[in-house]
Amino acid sequence: CAIEMNDFLALTVKQNKIHAEAKRQELTFEPYEKPVIIHADRDRLGQVVNNIVTNAMKYSLEQASIKIYITEDETYYKISVKDTGMGIAREDLPRIFERFYRVDKARSRAMGGTGLGLAIAKEIMEGHGGRLSAESEYGKGTTMTMWFPKKFTTQPYTEV
Ligand code: ATP
Ligand code: MG
């Protein structure tokens, strides 16, 4: 179904605010200058966004800032979640999308979780004709970006 992402992300922030406040983290969404309509399964989209936002809070200490924002290029709408958390070392970064892969095994076990979140998120994004990418600097923070192709999302039936 058609989902307007400014509304969707504002609601995501509202629903996660209590968890952010519990860690004194600042969770914000900067609305985009115009409506952003994508065609996706609402529950699956929620799974992707929630895992990424939850990760940003979970792998950041108190006082961290987590910013959600939308950008676009000719082909894609891009939704990014940028945190000022622990970051991911260069050698681990390509592996975080693998099933059950967790960077610091002991620490991650203490934090709870399965290591499946990003593997599932990536599958869902690819199932919607999109992709999921990560940029990170160890000790500084991480930016996860969801890519939604405009052609697919704005004209889902005209080309098939
Ligand atoms: P689950 O999501 O299944 O509860 P999880 O959060 O450990 O468990 P993923 O969401 O797949 O699993 O993430 C895989 C690993 O990538 C995490 O264990 C963590 O080491 C690393 N990671 C993910 N997001 C971040 C982030 N924003 N900052 C730092 N490390 C991250
Ligand atoms: Mg996770």
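Mentor: Helices here are DSSP runs of H or I with at least four residues, strands are runs of E with at least two, and both are numbered from the N terminus. Please keep in mind that this is a predicted model, in which local features need pLDDT of at least 70 and side-chain atom pairs count only at pLDDT 80 or more, while totals for chains, interfaces and linings use all residues. Residues are numbered from 1 along each chain as its sequence is written, and chains are lettered from A and ligands numbered from 1 in the order in which they are written.

Trainee: OK, and what is the mean pLDDT of the chain?

Mentor: The mean pLDDT, which is the predictor's confidence in each residue from 0 to 100, comes to 92 for the chain, and 92% of its residues reach 70 or more. For the complex, the predictor gives an ipTM of 0.98 and a pTM of 0.93.

Trainee: Back to H4, then. Which of its residues are buried?

Mentor: Gly 117, Leu 118, Ala 121, Lys 122, Ile 124 and Met 125 are the buried ones in H4. They lie on the same side of the helix, because they cover an arc of only 165 degrees around the axis, the arc being that of the directions from the helix axis to the C-beta atoms. Buried means that 20 or more other C-beta atoms lie within 10 Å of a residue's own, exposed means 12 or fewer, and partly exposed is in between, with C-beta atoms placed from the backbone.

Trainee: And what do those buried residues pack against?

Mentor: They pack against H2, E6 and E7, where contact means that the C-beta atoms of two residues, placed from the backbone, lie within 7 Å. The face of H4 turned away from that buried side carries Glu 126 and Gly 127, which are exposed.

Trainee: Why does Gly 127 count as exposed?

Mentor: Gly 127 counts as exposed because it has 11 other C-beta atoms within 10 Å. Although Gly 127 and Ala 40 are 87 residues apart in sequence, their C-alpha atoms are 9.6 Å apart in space.

Trainee: Switching to the ligand: which residues come nearest to ligand 1?

Mentor: Of the 21 residues around ligand 1, the nearest are Arg 102, Val 103, Gly 113, Gly 117 and Leu 118; a residue is near a molecule or strand if its C-beta atom, placed from the backbone, lies within 6 Å of it. Gly 117 and Leu 118 are also among the buried residues of H4. Helix H2 (42-58) and helix H4 (117-127) each supply at least two residues of this shell.

Trainee: How does that shell split by class?

Mentor: The shell has ten nonpolar, nine polar and two charged residues. Ala, Val, Leu, Ile, Met, Phe, Trp, Tyr, Cys and Pro count as nonpolar, Asp, Glu, Lys and Arg as charged, and the others, Gly among them, as polar.

Trainee: Now the strands. In which sense do E6 and E7 pair?

Mentor: Strand E6 (residues 131-137) and strand E7 (residues 141-149) pair in the antiparallel sense over seven bridges, and two strands pair if DSSP finds at least two bridges between them. Ser 136 stands opposite Thr 142 in E7, and Glu 137 has Gly 141 as its bridge partner there. Their hairpin has three residues between the strands, and Gly 139 in it takes a positive phi near 85 degrees.

Trainee: What about E5 and E7, how many bridges do they share?

Mentor: E5 and E7 pair over eight bridges, in the antiparallel sense, with Met 146 in E7 as the bridge partner of Ile 79. E5 also pairs with E4, antiparallel and over seven bridges, and a hairpin of three residues joins E4 to E5. Strand E2 (residues 26-30), on the other hand, pairs with E4 in the parallel sense over five bridges, and there Glu 26 stands opposite Ser 65.
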